[in-house]
Amino acid sequence: MFGKIRTRLTIAFIGLAVLPILFLGSFIAAKTFTAAKQLAISVTHDTALRVGGDVEDFIRGMVDHIEVVTKTPGLHNLSRQKQLEIMRELLAFQSGYDQMTILDPLGQELVRVNRLQMVNGGEIGNWADQREFLAPLQTREIYYGPVLFRENTGEPYMTCSVPFTDPQTGMIAGIVVGELRLKKIWHLLATLDLRPGEQVYIVNHEGLVIAHKNPSIVLRGTQTHLGAEPDNLQRSHHPDPLGDQAILGDHHIFLGDQRLHIICEWEKRHALSLAYRLMVVIGLGTLIALAAAVLVMVPVVGNIVRPLQRLATTARKIEKGNLTEQAEVAGDDEIGELAHAFNRMTAQLHSSMTDLQTEVMERTDIQKALQRELLINKSLASLSKAMLASEDIKELADEILKRAQQLTASEHGYVGYIDQKSGNLVCPTITAMQGKQCQIEGDDFKMEFPPNADGTYDHLWGVALNSRQPFLANNPMAHPSSQGCPTGHVSLERFLTVPVLFNDQLVGQIAVANSPSDYGERDIDTLERLSDLYALALNRDQGQQEKEKLLSDLRQSQKMEAIGTLAGGIAHDFNNMLTPILGYSELALTRLTPDHELFSHLQTIHQAADRAKELIKQILTFSRQREHELTTLKIQPILRETIKLLRSSLPTTIYIRPNIDPHCGAILSDLTQFQQIVMNLGTNAYHAMGDSGGTLEISLQEIPLSDQDPLVTSHGLHPGPAACLTISDTGCGMDKTTVSKIFDPYFTTKEQGKGTGMGLAMVHGIIRNHHGHISVYSEPGQGTTFKIYLPIVSEERALTESATTGTAAGGTERILLVDDEEVIILMLRDMLEYLGYQVVTITSSSEALKMFEERPDYYDLVITDQPMPELTGGELAKAMLAIRPDIPIILCTGFSESFTEELARDMGIRAYIMKPVILQELTEKIRAVLSHE
């Protein structure tokens with residue numbers, strides 16, 4: 001039925017007429033109904049507002065009577081009888097109250113009068129914990145209680161409390177409490193002149209009806225549910241069961257914390273009666289207008305449909321393939337334009353068919369490109385999973401080569417990375433481009449292609465590496481770089497390679513060869529996308545290697561720190577043991593003549609102890625607990641002494657050949673560090689020669705350095721004389737790679753567990769701090785030669801520094817000597833008494849403080865040890881300086897990591913001496929302190 005255009009047009013035209021009429025009628029009806037409803041709501045609100053004003057005036061007017069009573073002068077001081085009379089008069093005058101009560105400031109009833117029953121004295125109660133008393137007492141304002149109902153009658157009432165004050169003190173003198181009868185509100189509602197279907201009632205804040213024209217509604221406890229707006233008012237037991245067939249108006253009365261709702265309800269059948277009648281009239285008018293529109297539209301539709309029927313006949317002929325058929329043009333209206341359009345469509349049909357075929361072909365090409373893109377994305381996703389699952393760069397390179405060959409349809413290829421140290425192109429995976437022998441097998445086997453001396457790469461594979469741009473050759477044998485392919489290499493028909501870059505740094509290469517068709521930009525783009533992922537993997541691999549190296553360095557540094565801590569502890573104990581040996585041997589030598597038979601023995605003991613003292617300095621220097629002291633040194637005696645020490649520590653299979661120039665000048669150096677250089681290089685020479693032995697040659701000579709000497713121009717030495725120390729061995733030697741790394745921290749050629757790799761690094765650091773230079777020459781099997789160049793100081797400086805030492809000078813001052821080591825304190829006492837001083841010794845630091853407190857001016861000087869069991873030397877010095885700020889104090893210690901010379905000086909300690917104590921040093925420190933130098 002609806003397939004006919006006549007039917008559809010008829011329905012359409014009718015619809016165009018009907019819809020406006022329906023819309024207009026509905027709009028007028030809706031506006032009329034809405035206006036009537038708003039008027040009814042306004043009326044109910046006005047009624048609720050008017051009634052609410054009357055109710056509020058009634059309640060507040062009744063409370064005003066209580067306020068008048070509370071303003072009675074001296075109400076709280078009146079007698080109980082007088083107060084009782086006032087309350088009775090108020091009840092007689094106002095019938096709105098059933099009971100009146102006067103409370104004192106503590107809540108105790110003073111007077112209570114009830115309209116309905118007698119009150120005797122025994123019924124007087126306490127209101128101290130009731131809201132009627134507490135609220136006005138705290139706020140000093142009128143309190144309105146909740147609406148309550150009497151048990152016997154069911155009538156509502158409200159408690160009102162009014163405080164009154166003492167005019168002299170301003171304090172609360174009492175509270176008057178009245179029970180207000182709300183039944184009078186019922187009479188007020190009963191006298192209202194309401195419209196038909198309209199009623200007014202009052203509910204409290206809990207929704208309970210407290211006043212109604214019909215008292216039975218209140219007496220049976222009718223309950224309502226109050227919403228935010230009057231329209232949201234719901235009823236569970238409503239006064240009139242109207243359901244939702246009423247319009248509501250609501251007004252609130254606020255009495256302190258209490259809230260009463262004045263609700264006006266008007267039945268909709270009365271409130272909207274006029275609106276209902278108007279809507280009937282509007283509906284009838286709308287139906288008449290619709291009938292007239294239908295009668296007009298039927299002939300109009302017939303005139304429109306007939307030309308369309310003729311045009312449909314022509315279209316069916318064209319559908320059967322008769323493209324010569326022409327549509328009849330009946331006029332110049334829209335139907336005539338449609339006929340012209342049919343005629344033009346026939347002429348353009350062949351052209352449209354051709355265009356359609358072309359578009360189909362283009363869509364096919366796009367589909368193929370999308371399929372290729374999908375394949376590339378799947379490959380990248382698979383590579384990403386492989387990259388996350390494994391950190392083995394060979395496994396990832398194998399997977400990348402596999403995907404590159406698949407995406408470019410290539411027969412051969414390889415994937416490699418650039419070794420950042422050697423620059424070699426390392427290929428962990430490659431196809432058999434030179435036959436089966438070219439196929440990489442095994443986990444550790446890699447094929448490497450080294451660069452030229454200038455860092456460039458040869459052959460076809462080097463073009464992309466040199467230019468850092470993709471390179472393709474679909475006729476590679478005609479390219480100049482194809483020359484030099486090794487014998488047996490497969491014939492390259494096509495070749496494509498892209499460099500792998502990370503942050504513009506060359507890190508690797510991907511190459512493919514021998515695709516069945518020419519390579520193009522699409523293949524370059526594919527390999528570049530694979531190279532981006534490969535670059536991330538190479539960067540991660542390099543980062544992991546650096547992380548492992550840093551962890552290894554950290555473990556080595558922790559070992560060195562532990563060794564340093566142990567060395568510091570050994571140095572402390574060793575210094576305490578050396579102190580009496582050096583001290584007593586020095587004292588004994590001062591009391592013997594050189595021709596005494598014991599003189600040479602004691603001198604040997606003193607020299608050995610002094611050598612041990614220097615060894616302790618080496619330990620402290622190694623543990624970084626002692627600063628280096630650069631002094632002018634004559635190398636020859638130190639070198640001979642160090643050679644003796646080496647001789648005793650090396651096996652007899654190693655022959656030491658010294659060649660020391662006696663005329664070589666002095667250098668500015670630290671004795672301990674210089675010995676450490678010779679000992680480390682000598683020990684390394686022994687390890688290079690092994691137990692089979694060899695020759696260790698140690699020579700010293702003075703050489704001149706000119707302005708043009710390479711040591712001056714390239715290595716920072718100053719022109720002038722320099723000491724050249726040469727240490728060479730006949731050991732196994734080293735290759736160039738090892739020589740380039742020997743001065744790196746923690747690098748060692750020894751097997752695991754032998755050596756820390758810090759020896760030569762420390763030697764290099766010491767020589768650099770001495771403003772010198774070290775060079776090394778070695779070849780595998782030809783031994784190794786180290787040459788050390790150190791600047792020589794002028795003769796005037798050497799003579800000046802050598803003249804600073806003098807003879808020991810004593811004195812007669814009184815010295816308090818404190819040390820917990822019995823042997824050390826006895827030795828120091830003998831040394832000081834030998835110099836002429838008066839010495840008081842004590843081994844307890846706390847006892848020493850007590851002695852000093854008793855006679856602080858008795859002592860001229862205090863010498864104390866630092867580490868002691870009760871009070872440390874620093875704590876003892878601080879306590880003594882608090883008693884006598886000018887007392888000179890010398891602190892003497894074998895080793896203290898936390899208490900330094902700078903800290904001692906900041907505390908006021910005059911001098912700081914390291915054990916073992918030498919007589920000359922102690923004498924100079926004492927005289928300097930006592931002379932305030």
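Biologist: Which strands does helix α21 lie across?

Modeller: Helix α21, spanning residues 873-883, lies across β25, β27 (861-865) and β28 (889-893), and its direction runs at about 175° to that of β28. Helix α23 also packs on this sheet, where it touches β25, β27, β28 and β29, with a direction that makes about 170° with that of β29. Please keep in mind that this is a predicted model.

Biologist: What's the strand order in that sheet, and is the pairing parallel or antiparallel?

Modeller: The sheet is open and has five strands in the order β26-β25-β27-β28-β29, with parallel pairing. The edges are taken by β26 (838-842) and β29 (911-914), each of which has a single partner strand, so one side of each is left without a neighbour in the sheet. If direction is ignored, neighbouring strands are turned by 20° against each other on average.

Biologist: How many bridges join β25 to β26?

Modeller: Five bridges join strand β25 (residues 814-818) to β26, and the two run parallel. As a point of reference for your viewer, the bridge partner of Leu-817 is Thr-841 in β26.

Biologist: Back to the helices. How do α20 and α21 sit against each other?

Modeller: The axes of α20 (residues 845-854) and α21 come within 10 Å and cross at roughly 10°, and the two helices are therefore roughly parallel to each other. On the α20 side the contact is made by Ser-845, Ala-848, Leu-849, Phe-852 and Glu-853, while α21 contributes Leu-876, Ala-879, Met-880 and Ile-883. By class, this contact has seven nonpolar residues, one polar and one charged.

Biologist: And α19 with α23, at what angle do they cross?

Modeller: Helix α19 (residues 822-834) and helix α23 (residues 919-930) cross at roughly 65°, with axes that come within 11 Å. They are therefore roughly perpendicular to each other, and α19 passes α23 in a right-handed crossing. The residues making the contact are Leu-828, Met-831, Leu-832 and Tyr-834 of α19, together with Leu-919, Leu-922 and Ile-926 of α23. Sorted by class, the contact of α19 with α23 has seven nonpolar residues, with no polar and no charged ones.

Biologist: What about α13 and α14, how are they set?

Modeller: The axes of α13 (residues 635-649) and α14 (residues 671-689) come within 10 Å and cross at roughly 45°, and these helices are therefore oblique to each other. Their crossing is right-handed. Among the residues that make the contact are Ile-635, Ile-638 and Leu-639 of α13 and Leu-671, Phe-674 and Gln-675 of α14. By class, the contact of α13 with α14 has nine nonpolar, four polar and no charged residues.

Biologist: Switching topic: what does the six-strand sheet look like?

Modeller: That sheet is open, with antiparallel pairing, and its strands have the order β14-β13-β12-β17-β16-β15. Here β14 (447-449) and β15 (471-473) stand at the edges with a single partner strand each, so one side of each is left without a neighbour in the sheet. From one strand to the next, the twist averages 20°.

Biologist: How do β13 and β14 pair, and which helix packs on the sheet?

Modeller: Strand β13 (residues 425-430) pairs with β14 in the antiparallel sense over three bridges, and within that pair Cys-427 stands opposite Met-447 of β14. The helix is α10 (residues 459-467), which touches β12 (412-418), β13, β14, β15, β16 (495-502) and β17 (505-513), and whose direction makes about 140° with that of β17.

Biologist: Which strands pair with β24?

Modeller: Strand β22 (residues 720-729) pairs with β24 (residues 784-791) in the antiparallel sense over eight bridges, with Asp-729 opposite Thr-784 of β24. Strand β23 (residues 773-778) also pairs with β24 in the antiparallel sense, over six bridges, and there His-773 stands opposite Tyr-789.

Methods
Residues are numbered from 1 along each chain as its sequence is written. This is a predicted model: local features need pLDDT of at least 70, side-chain atom pairs count only at pLDDT 80 or more; totals for chains, interfaces and linings use all residues. Side-chain values use heavy atoms; hydrogens and water are left out. Two strands pair if DSSP finds at least two bridges between them. Helices (H or I, at least four residues) and strands (E, at least two) are DSSP runs, numbered from the N terminus. Axes are lines fitted to C-alpha atoms, for helices over the stretch in contact, and angles run from 0 to 180 degrees between N-to-C directions. Angles under 35 degrees count as roughly parallel, over 145 as roughly antiparallel, 65 to 115 as roughly perpendicular and the rest as oblique. A crossing is left-handed if the near helix is turned anticlockwise from the far one by less than a right angle, and right-handed if clockwise. Contact means heavy atoms within 4.5 Å. Ala, Val, Leu, Ile, Met, Phe, Trp, Tyr, Cys and Pro count as nonpolar, Asp, Glu, Lys and Arg as charged, and the others, Gly among them, as polar.
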